[in-house]
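Student: Can you walk me through this one? I'd like the overall picture, then the packing, then the ligand.
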Amino acid sequence: MPSVEIDGQRLEVPDGTTVLQAAERLGVEIPHYCWHPGLSIAGNCRMCLVEIERLPKLQIACNTRVTDGMVVRTTSDKTKTAQKAVLEFLLINHPIDCPVCDQAGECKLQEYYMDYDRQRSRFPLPEKVCKRKAIPVGPLVMLDQERCILCARCTRFLDEVTHTNELAIYERGDHCEIDLAPGKTVDNPYSGNVVDICPVGALTSRDFRFRARVWYLERTPSVCGACANGCNIEVYHREGQIYRFQPRENADVNHYWMCDAGRLSYPALQTGGRLVRPLVRGGNEFRESTWESALVGVRGRLADLARAHGPGSVGIVVSAQAPNEEIYLLRRLGARLGARVAGVSWSPPDAFHDTFLIKADKNPNTQGLLLQGLAADGVALDGLVADAKAGTLQALVLHRTDLTAWRDGAAVREALERVPCLVVLDTDQRECAEYADAVLPVATYVESDGTFTNHAGRVQRFHAAVPSPGEARPGWQVLADLLVGIDGERRLESAEAVFGALAAEGGAFAGLGYAGLGGRGVVARAGVRGSAAGVIADG
Ligand code: SF4
Ligand code: SF4
Ligand code: FES
């Protein structure tokens with residue numbers, strides 16, 4: 001392994017490592033624009049010039065491989081002079097846009113100017129080359145040609161990752177500009193990524209621009225719940241409102257990218273149709289209830305019916321929208337009540353998918369159901385619906401699923417009408433809640449701690465980013481409260497404790513814990529299934 005010295009610090013690196021990568025490993029910043037770890041090396045911005053001993057000229061750190069004994073200086077006078085010169089060059093024709101530019105606060109031109117340049121411009125304002133501004137180049141992307149520094153990150157992404165080639169660099173010299181290829185629009189399913197990787201405000205998000213200054217936003221690491229891929233994301237939010245999703249790097253799942261559908265899935269998590277209070281039926285109407293009263297009522301009714309009518313008289317349906325923790329608690333509830341537990345994973349039959357990230361399964365946790373021993377094929381569910389219709393099912397708990405929306409609606413409605421006790425736990429007001437005896441509002445995944453297991457069996461953490469509306473509570477908390485008092489259950493006090501109980505059960509999750517999942521997740525034990533539905537060990 002070659003050894004390199006950078007600013008007096010020595011490091012051994014694998015063959016092929018570039019000076020820029022070696023510096024990153026040492027925590028030494030080398031400013032750069034065009035280099036991106038997910039793209040080929042272009043070497044065109046020259047921002048990463050460094051001095052290398054025994055070489056007469058400065059070299060670009062992004063495309064210079066470390067050789068044994070190399071000595072690099074990133075803060076020498078020669079390097080600093082070059083950095084200033086490159087920034088002055090990039091800024092010659094750059095507009096004075098910072099006060100009105102949506103990239104302000106996360107712009108590499110601003111940041112590097114402050115860190116490496118701080119000179120007054122020698123070029124008179126009227127002589128700047130003007131280009132077109134605010135050009136909508138796709139449903140998600142706005143282009144400002146004047147702000148572009150021609151790093152070619154966007155064109156390389158569209159050439160190398162999506163292979164859709166919508167943008168190209170035209171003209172020459174200081175008239176060079178990014179523009180659409182003839183007849184094209186940046187409308188591929190991953191178009192939003194060009195906004196993320198543009199280091200300046202040349203490409204901005206039509207969804208996000210001018211809605212918030214980034215320095216006011218908080219970031220919470222999470223996992224996209226819009227399909228089974230489980231792309232790692234950052235949730236940007238402020239005062240309880242979500243402003244955007246952006247991808248978070250995970251080489252095992254999504255590298256640096258996410259799809260547009262996932263990126264735009266956040267508004268659906270905070271609609272006006274959210275359930276905000278427990279509702280209990282009184283006659284033909286719902287009345288609002290306290291949590292305590294609703295839980296006591298539901299718990300008592302389920303336990304009484306199960307006792308009176310014996311095993312199999314209660315049904316529980318849990319969808320693949322539920323996190324692992326909630327599936328576990330529902331299985332545990334099922335075991336205590338002698339209930340039949342059915343898993344459901346439903347996606348539109350024509351759901352868009354590809355061979356890159358986007359999966360046809362639009363549920364984040366189908367593998368979580370399977371790994372806990374619940375088939376998701378709908379057979380068990382069909383049995384429950386048939387029994388409900390026949391009048392033999394005494395109680396049904398529907399968790400994060402609206403059966404009326406995708407099964408034979410008429411048959412389901414008839415079945416739901418005939419169940420003596422229907423309990424619905426959900427985030428939003430949906431049709432099946434109209435048939436319920438009790439409706440319990442639960443949090444979305446951006447409002448709760450928990451884990452999803454993606455299509456490849458990777459168990460990944462998400463974290464509560466924003467509070468739930470009204471009195472809605474995390475699903476694990478509602479279920480843990482429901483279990484208290486049923487057959488001597490003790491309360492599990494946190495999502496982590498619930499996951500611990502799931503892991504302690506053995507099976508696919510054995511040996512896992514929140515601490516060990518880290519930011520990238522861990523693959524559950526392949527080929528190991530959990531307990532069969534409704535059969536569960538004491539946690
Ligand atoms: S639009 Fe942005 S990403 Fe594309 S070349 Fe210009 S500065 Fe680079
Ligand atoms: S590929 Fe799936 S998980 Fe990834 S961002 Fe898109 S919808 Fe979300
Ligand atoms: S980052 Fe090295 S030349 Fe652009």
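Student: How much of the chain is buried?
Tutor: This is a predicted model, and in it 56% of the 539 residues in the chain are buried.

Student: What box do the C-alpha atoms fill?
Tutor: Along the principal axes, the box is roughly 90 × 50 × 35 Å.

Student: And how many helices and strands?
Tutor: The chain has 14 helices and 23 strands.

Student: What share of the contacts join residues at least 24 apart?
Tutor: That share is 65%, counted among contacts between residues at least 6 apart in sequence.

Student: OK, packing. How many residues are in the largest nonpolar core?
Tutor: The largest nonpolar core holds 77 residues, and Val19, Tyr33, Phe157 and Phe245 have the most contacts inside it.

Student: Which helix gives the most to this core?
Tutor: Helix α1, residues 19-26, gives the most, with 5 residues.

Student: What does Val19 touch?
Tutor: Leaving out residues up to four places away in sequence, Val19 touches Ile6, Ile30, Val50, Ile52, Ala61, Thr64, Val66, Met70 and Val72.

Student: Switching to ligand 1. Which residues come nearest?
Tutor: There are 13 residues around ligand 1, and Cys148, Cys151, Ala152, Cys154 and Cys198 come nearest.

Student: How does that shell split by class?
Tutor: The shell around ligand 1 has 12 nonpolar residues, 1 charged residue and no polar ones.

Student: And what about the space taken by ligand 1?
Tutor: That space is the second largest cavity.

How values were computed: Residues are numbered from 1 along each chain as its sequence is written. Chains are lettered from A and ligands numbered from 1 in the order in which they are written. This is a predicted model: local features need pLDDT of at least 70, side-chain atom pairs count only at pLDDT 80 or more; totals for chains, interfaces and linings use all residues. Side-chain values use heavy atoms; hydrogens and water are left out. A residue is near a molecule or strand if one of its heavy atoms lies within 4 Å of it. On a 1 Å grid over the protein atoms alone, a cavity is a set of points where a 1.4 Å probe fits but cannot get out, and a pocket is an open set with protein on both sides within 12 Å along at least five of seven lines; lining residues have an atom within 4 Å of a point. A molecule sits in a cavity or pocket if more than half of its atoms lie within 2 Å of its grid points. Ala, Val, Leu, Ile, Met, Phe, Trp, Tyr, Cys and Pro count as nonpolar, Asp, Glu, Lys and Arg as charged, and the others, Gly among them, as polar. A nonpolar core is a set of buried Ala, Val, Leu, Ile, Met, Phe, Trp, Tyr and Cys residues joined through side-chain atoms within 4.5 Å. Buried means under 20% relative accessible area, exposed over 50%, partly exposed in between (1.4 Å probe, protein chains only). Helices (H or I, at least four residues) and strands (E, at least two) are DSSP runs, numbered from the N terminus. Contact means heavy atoms within 4.5 Å.
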